[in-house]
Amino acid sequence: MTTPDATKPRSTPLRGVHEQLGASMTEFAGWLMPLRYRSETAEHQAVRASAGLFDLSHMGEIIVAGPGAASALDYALAGQPSSMAPGRARYTMICAADGGVLDDLIVYRLDDEEFLVVANAANAAVVNSALRERADGHDTRITDRTDDYALIAIQGPAAAGILGPLTDIPLDGVKYYTSHRGTVDGREVLLARTGYTGEDGFELFTQPGDAEHIWMTLSAAGAAAGLVPAGLAARDTLRLEAGMPLYGNELGPDTTPFDAGLGRVVKLDKPGDFVGRGALAAAAQAPPRRVLVGLRSGTRRVPRHGYPVLWDGQPRGTITSGAPSPTLGVPIAMAYVEPEVAAEAGAAETGDRLAVDIRGRAEPAQMTPLPFYHRIHDRPR
Amino acid sequence: MTVPENLSYTAEHEWVAIDGGVASVGITDYAQQALGDVVYVSVPPSGTAVTAGEPFGEVESTKSVSDLYSPVDGEVLEGNTEIDDDPGLVNTDPYGAGWLVRIRLADDSDPPGLLSAEEYTALTKEAE
């Protein structure tokens with residue numbers, strides 16, 4: 001791994017492609033990434049209606065391998081990777097001893113003794129060092145392979161139809177949250193049916209040198225179906241509509257998985273100790289400190305990260321993420337609110353009782369079940 | 001990025017066209033590109049007094065909200081009702097159909113402190 005220059009953002013293997021496409025680039029988690037190519041709203045709508053192509057090469061890839069890999073991960077993570085069959089993937093979290101979330105992850109079991117851990121770019125170093133520490137005494141090697149992988153996602157109802165003819169992997173047999181080795185237009189990939197948009201789709205782990213070829217091939221093959229390149233701005237509104245948490249917004253060191261309504265990722269019934277077990281077992285039993293809820297704005301002003309949520313004029317919560325929703329046509333948000341407020345606001349029409357303090361003015365909002373958007377296409381199983 | 005020669009500008013990325021004691025105001029091409037898709041613009045109702053350099057409205061885009069600063073002293077004549085229905089006009093035609101507000105100037109003299117197209121272009125280059 002090369003040592004990143006703190007003053008200069010890292011580039012993905014697809015930087016040249018983005019610049020050629022005229023992308024507006026932004027620094028994100030130490031990486032220079034495409035924020036949008038043209039209109040982020042059009043990119044969002046293309047993913048809902050057809051397909052979008054994303055460069056996710058900033059994500060951290062960590063390989064955990066060896067006879068003790070499964071037991072090391074069972075100890076290190078909130079989930080139980082040892083129970084997964086090779087080829088399966090799972091959404092999980094790595095927690096601190098106090099139960100706070102260090103990162104949310106997808107873990108792929110590639111083989112009996114080999115796992116791929118995909119971490120958020122901003123947390124990759126923390127996850128890497130926590131895994132090393134926690135694997136001590138287990139017979140396993142932890143390797144940060146971020147620079148050895150490019151990651152391209154193709155997401156949307158047309159994704160399978162575009163990718164299918166280009167790969168030797170029969171996509172009909174690829175279940176949600178599984179991975180397969182194969183090729184796309186002759187280039188080796190690890191193909192997974194995963195994503196962060198609320199749509200069907202695939203993520204392709206490739207060698208950096210093959211990324212541009214695969215990107216251009218998918219672009220050309222999908223153009224007629226309406227596939228467009230999509231940037232981080234669209235990715236954020238897509239995941240928000242799908243009610244998916246973002247680390248740094250809904251998740252953080254002061255949040256437990258239970259706070260975020262994701263207690264199901266904590267496998268308290270797995271054998272043996274794991275980091276955070278005591279605190280997480282207590283959190284599972286305790287009444288919730290706060291509840292993650294969905295809000296629909298009653299005005300066109302947008303509730304944004306950090307704005308206070310008001311109940312009868314009093315601050316009783318905080319917005320974690322908010323944006324104008326291209327699908328719903330109104331601003332939407334996720335927020336942590338006190339449990340009593342969640343119960344009352346969820347039970348009945350609240351009129352003006354529930355509001356968001358948007359830059360000094362109380363704007364009415366309505367609580368609404370998460371997710372805001374649920375695709376109607378059948379999820380492959 | 002386009003910066004029409006015949007307009008005046010502010011350091012807050014607004015353009016101003018003055019004609020017959022009335023200032024038409026919008027945001028620049030540079031500003032709309034930086035903001036991304038505009039989803040909502042709020043300006044005060046007709047008759048509201050505004051002061052040069054003071055915030056008087058806001059522009060919401062997907063990622064952020066920005067204050068609008070009045071480039072002149074005066075009184076709001078009208079907001080652009082077309083952008084209520086189609087805020088995307090601010091992105092597609094920032095100097096034309098995407099104008100935001102017309103302000104009747106408080107006095108007849110040329111408002112002070114506005115930038116020429118050349119000065120504004122230099123300012124945006126500095127920012128990069």
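This is a predicted model: local features need pLDDT of at least 70, side-chain atom pairs count only at pLDDT 80 or more; totals for chains, interfaces and linings use all residues.
Let me begin with strand β11 (residues 179-184) of chain A and strand β12 (residues 187-192) of chain A, which pair in the antiparallel sense over six bridges; strands here are DSSP runs of E with at least two residues, helices are runs of H or I with at least four, both numbered from the N terminus, and two strands count as paired if DSSP finds at least two bridges between them. Residues are numbered from 1 along each chain as its sequence is written, and chains are lettered from A and ligands numbered from 1 in the order in which they are written.

On to the next partner: β12(A) is joined by four bridges to the antiparallel strand β13 (residues 201-206) of chain A, with V189(A) opposite T206(A).

Now to another sheet of chain A, an open one of five strands with antiparallel pairing, in the order β6-β7-β8-β5-β9. Because β6 (89-95) and β9 (141-144) of chain A stand at the edges with a single partner strand each, one side of each is left without a neighbour in the sheet. Neighbouring strands are turned by 30° against each other on average, direction ignored, where axes are lines fitted to C-alpha atoms, for helices over the stretch in contact, and angles run from 0 to 180 degrees between N-to-C directions. Seven bridges join β6(A) to β7 (residues 101-111) of chain A, and C95(A) stands opposite V101(A).

Helix α3 (residues 69-76) of chain A touches β5 (60-65), β6, β7 and β8 (114-119), and its direction makes about 125° with that of β5(A). Helix α4 (residues 124-134) of chain A touches β5, β6, β7, β8 and β9, and makes about 15° with β5(A).

Finally, the contact between chains: which elements of chain A each supply at least two residues of the side that touches chain B? The contact takes 12 residues from chain A and eight residues from chain B, and the elements in question are α2 (40-49), α7 (232-241) and β17 (314-324) of chain A.

Methods. Two residues are in contact if their C-beta atoms, placed from the backbone, lie within 7 Å.
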